[in-house]
Amino acid sequence: MNRLSRWYGESPLQLLLLAASFALAGYAGVRLLEGDVWAVAIWFVGAALVHDLLLVPAYSIADRAARTALGDRSRTAMIYVRVPAFLSGLLFLVWFPLITRAREDHYALVTGHSGEAFLPRWLLLTAALFAASALWFVSVTFLAPASPWRQARKARREERARERERERQRRKETKERPPSDH
């Protein structure tokens with residue numbers, strides 16, 4: 001077991017789960033394309049090429065634009081843009097033919113329902129994801145006890161309290177002093 005961990009770098013359980021996930025993905029691919037192994041292989045290679053040659057540069061450009069727009073808070077704030085963008089992109093990828101209405105006739109033929117609702121629902125879900133992320137960002141940034149905004153506010157309150165205490169001390173000292181005209 002120790003030799004396997006040194007060779008592989010992780011626990012055997014992680015290797016087993018990874019192998020099981022690849023087996024499940026392979027099984028699903030073969031079942032989806034009805035046993036046409038060449039079509040499955042071509043689809044996987046094509047998907048990898050499209051991802052590496054088209055989507056990764058698009059991700060990079062979008063990420064750089066978002067970091068530029070967010071300014072110096074980009075390191076902590078980027079996660080609040082990346083997560084809803086990723087989820088929205090994943091939903092778009094899964095429902096692409098119906099969102100773009102490329103297969104609307106096939107969908108209507110199979111289900112008996114119109115496919116017109118997919119684009120508005122995807123847009124609404126995307127807006128909801130970004131709104132939830134924005135609310136989470138605001139709550140973490142402004143309402144969390146360790147937020148810089150709250151710490152600065154606490155420091156200002158403490159400074160005002162110290163100033164009031166100094167003022168009270170000055171009043172107390174002037175009341176105890178005898179009048180100067182005696």
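**Talking through the terms**

Reply: Happy to! Let's begin with a pair of helices: H5 and H8 cross in a right-handed way. Keep in mind that this is a predicted model.

Me: What makes H5 and H8 roughly antiparallel to each other?

Reply: Look at the angle. The axes of H5, residues 79-94, and H8, residues 118-143, cross at roughly 165°. Angles over 145 degrees count as roughly antiparallel, and therefore H5 and H8 get that description. Their axes also come within 9 Å.

Me: Which residues of H5 and H8 make the contact?

Reply: From H5 come Tyr 80, Val 81, Pro 84, Ala 85, Leu 87, Ser 88, Leu 91 and Phe 92. H8 brings Trp 122, Leu 125, Thr 126, Leu 129, Phe 130, Ser 133, Trp 136, Phe 137 and Val 140.

Me: Why is Ser 133 called buried?

Reply: Ser 133, which sits in helix H8, has a relative accessible area of 10%. Buried means under 20%, so Ser 133 qualifies. Leaving aside residues up to four places away in sequence, Ser 133 touches Tyr 80, Val 81 and Pro 84.

Me: And why does Trp 95 count as partly exposed?

Reply: Trp 95 is found in the loop between H5 and helix H6 (96-99). Its relative accessibility is 39%. Buried would need a value under 20% and exposed one over 50%, so Trp 95 falls in between and counts as partly exposed. Trp 95 and Trp 122 are 27 residues apart along the chain, and their C-alpha atoms are separated by 8.8 Å.

Me: What makes Phe 86 exposed?

Reply: Phe 86 belongs to helix H5, and its relative accessible area is 54%. The cut-off for exposed is over 50%, so Phe 86 passes it. From Phe 86 to Tyr 59 there are 27 residues in sequence and 9.6 Å in space, C-alpha to C-alpha.

Me: How do you know that Asp 105 counts as exposed?

Reply: The test is again a value over 50%. Asp 105 has 60% relative accessibility, so Asp 105 counts as exposed. You will find Asp 105 in helix H7, residues 104-111. Asp 105 and Gly 115 are ten residues apart in sequence, with 8.0 Å between their C-alpha atoms.

Me: What links Phe 92, Phe 96 and Trp 122 into a cluster?

Reply: Ring pairs do that. Two aromatic rings pair if their centres lie within 6.5 Å, and the structure holds four aromatic pairs.

Me: How many helices and strands does the secondary structure come to?

Reply: The protein has nine helices and zero strands, and along the sequence the pattern reads α-α-α-α-α-α-α-α-α.

Me: How much of the protein counts as buried?

Reply: Of its 182 residues, 11% count as buried. As for contacts between residues at least 6 apart in sequence, 28% join residues at least 24 apart.

Definitions and conventions. Residues numbered from 1 in each chain as written. Predicted model: local features only at pLDDT ≥ 70, side-chain atom pairs only at ≥ 80, totals over all residues. Heavy atoms only, no water. Axes fitted to C-alpha atoms, helices over the stretch in contact; angles between N-to-C directions. Helix = DSSP H or I, 4+ residues; strand = E, 2+ residues; numbered from the N terminus. Parallel < 35°, antiparallel > 145°, perpendicular 65-115°, else oblique. Left-handed = near helix turned anticlockwise from the far one by under 90°. Contact = heavy atoms within 4.5 Å. Phe/Tyr/Trp six-rings, centres within 6.5 Å; stacked < 30°, edge-to-face > 60°. Buried < 20%, exposed > 50% of the residue type's maximum accessible area, 1.4 Å probe, protein only.
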